[in-house]
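Hello,

Here is the structure you asked about, with the sequence alongside. My notes follow below it.

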Amino acid sequence: MTRGLPSFTLERPTDLRSAALMLAEPGACALGGGTDLLPNLRRGIGAPATLVDLNGVPEISGLVREPDGTMVIGAATTVQALAEDADLARALPALAEAARAVAASGHRSAATVGGNLCQDTRCVFYNQSDWWRCANGYCLKHRGSTCHVAPQGDRCHAAFCSDLAPVLLAAGARVQLCGADGQRSLGLQEMYLDDGAAHLVLRPGELLAQVRVPPLPAQLRIGYAKARTRGGVDFPLAAVAVAMQVERGHLVSLRIGISGTNSLPVLVDAGAELQGAPADEAAWKKVQQLVQRQLAPMRSTVTSAQYRRDAAGALLARLLRQLAG
Ligand SMILES: Cc1cc2nc3c(=O)[nH]c(=O)nc-3n(C[C@H](O)[C@H](O)[C@H](O)COP(=O)(O)OP(=O)(O)OC[C@H]3O[C@@H](n4cnc5c(N)ncnc54)[C@H](O)[C@@H]3O)c2cc1C
Ligand code: SF4
């Protein structure tokens, strides 16, 4: 059983500076499409005093291509706009494909890129109604003292399940964060921490303003694949993106992004270890070993941890062969 939304004040800023100032107030929380946040609030997870709706801030809405080819994606751009953008479909089709794989069409038309990258981590013991969690003594992540997934441990292992993050990581995207005190730029990977209860480095009041995808070499091939329980609407059990550049049969670069398995999206720069190696089955075996060492799925979904590990490995193997072939 879910309950109604808690009381809050809704702010609708129309410029970025005002949004940052509103978010700097105690108890304020950013609102994109609300497709992740509002179900959690209905379940009694969090009770912000103010929601700051970012959808009316033009500086962070839409896609723009800069003269050097950098693609700038405003955080308030909807996932549907990403899925339908003709320029993006040409420049980075894997990102459009990942956008089409987010939830269902009703969610995508409201969901934003910022909300997708900042969405909460998920766990079968946490994404439940208040009475369900109460009956289990809550858990370490919210109101409780024990993690039901790893009771001996002192951290949360909830999984980060964004579909967009793997492709953006593989493509080397950076993010622009904006707070009342100014802006800063980070590599996308640097925005995350390996802790399911606090997986973002955003400071209080800071918001994700833009995602910047650098110009990509013409020879770079990027692929994306997702395993989920229900094809029509579901979070990834594993979502994998591979960005590979091969010249004369040898690897020039190879970056892999994965979500659904860990508390943060995993980035593996296999190109650093395998640069110049022949792009063949022996290399793919090494890549699989490198990646599997980084994956840490836990018993936080109804699907077993081993299944998610195997699914990530199978999707990775398929993508490596497809892109090299
Ligand atoms: C049934 C269902 C299925 C789903 N399936 C998928 C799926 O397959 N793949 C997937 O990736 N997601 C899925 N989701 C999760 C969610 O719908 C998407 O991740 C969506 O993109 C979230 O965006 P939003 O704008 O709605 O986020 P919101 O709900 O508005 O916000 C999510 C979180 O991000 C914060 N936030 C929002 N914007 C910003 C910003 N600019 N800066 C800083 N913080 C911000 C909010 O404060 C909140 O904590 C699913 C959700 C549901 C309910
Ligand atoms: S992993 Fe543990 S602490 Fe985290 S949400 Fe699940 S049960 Fe709670």
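In what order do the strands of the open sheet of four strands lie? The order is β9-β10-β11-β12, and the pairing is antiparallel. Please keep in mind that this is a predicted model.

The edges of that sheet are β9 (221-227) and β12 (266-269), each of which pairs on one side only. On average, neighbouring strands are turned by 15 degrees against each other, direction ignored. Inside the sheet, β10 (residues 238-247) and β11 (residues 250-259) pair in the antiparallel sense over nine bridges. If you want a position to look at, take V242, whose bridge partner in β11 is I256. Helix α11 (residues 281-294) packs on this sheet and touches β10, β11 and β12. The direction of α11 makes about 30 degrees with that of β11.

Helix α11 also packs with helix α12 (residues 305-324). The angle between α11 and α12 is about 145 degrees, and their axes are 10 Å apart. Their crossing is right-handed. From α11, the contact is made by E281, W284, V287, Q288, V291 and Q292. From α12, it is made by R309, G313, L316, A317, L320, R321 and A324. By type, the residues of this contact divide into seven nonpolar, three polar and three charged.

There is also an open sheet of three strands, in the order β1-β3-β2, with parallel pairing. Its edge strands are β1 (9-11) and β2 (28-31), each pairing on one side only. Neighbouring strands here are turned by 25 degrees against each other on average, direction ignored. Strand β2 is joined to β3 (residues 50-53) by four bridges, and the two run parallel. One pair to look at is C29, with L51 as its bridge partner in β3. Helix α1 (residues 16-23) lies across β1, β2 and β3, and runs at about 140 degrees to β2.

Last, the cysteines. How many disulfides does the structure hold? The number is zero. Are C139 and C147 buried or exposed? C139 counts as buried because its relative accessibility is 9%, under the 20% cut-off. C147 is also buried by that cut-off, since its relative accessibility is 8%.

Regards

How values were computed: Residues are numbered from 1 along each chain as its sequence is written. Chains are lettered from A and ligands numbered from 1 in the order in which they are written. This is a predicted model: local features need pLDDT of at least 70, side-chain atom pairs count only at pLDDT 80 or more; totals for chains, interfaces and linings use all residues. Side-chain values use heavy atoms; hydrogens and water are left out. Two strands pair if DSSP finds at least two bridges between them. Axes are lines fitted to C-alpha atoms, for helices over the stretch in contact, and angles run from 0 to 180 degrees between N-to-C directions. Contact means heavy atoms within 4.5 Å. A crossing is left-handed if the near helix is turned anticlockwise from the far one by less than a right angle, and right-handed if clockwise. Ala, Val, Leu, Ile, Met, Phe, Trp, Tyr, Cys and Pro count as nonpolar, Asp, Glu, Lys and Arg as charged, and the others, Gly among them, as polar. A disulfide is a pair of cysteine sulfur atoms within 2.5 Å. Buried means under 20% relative accessible area, exposed over 50%, partly exposed in between (1.4 Å probe, protein chains only).
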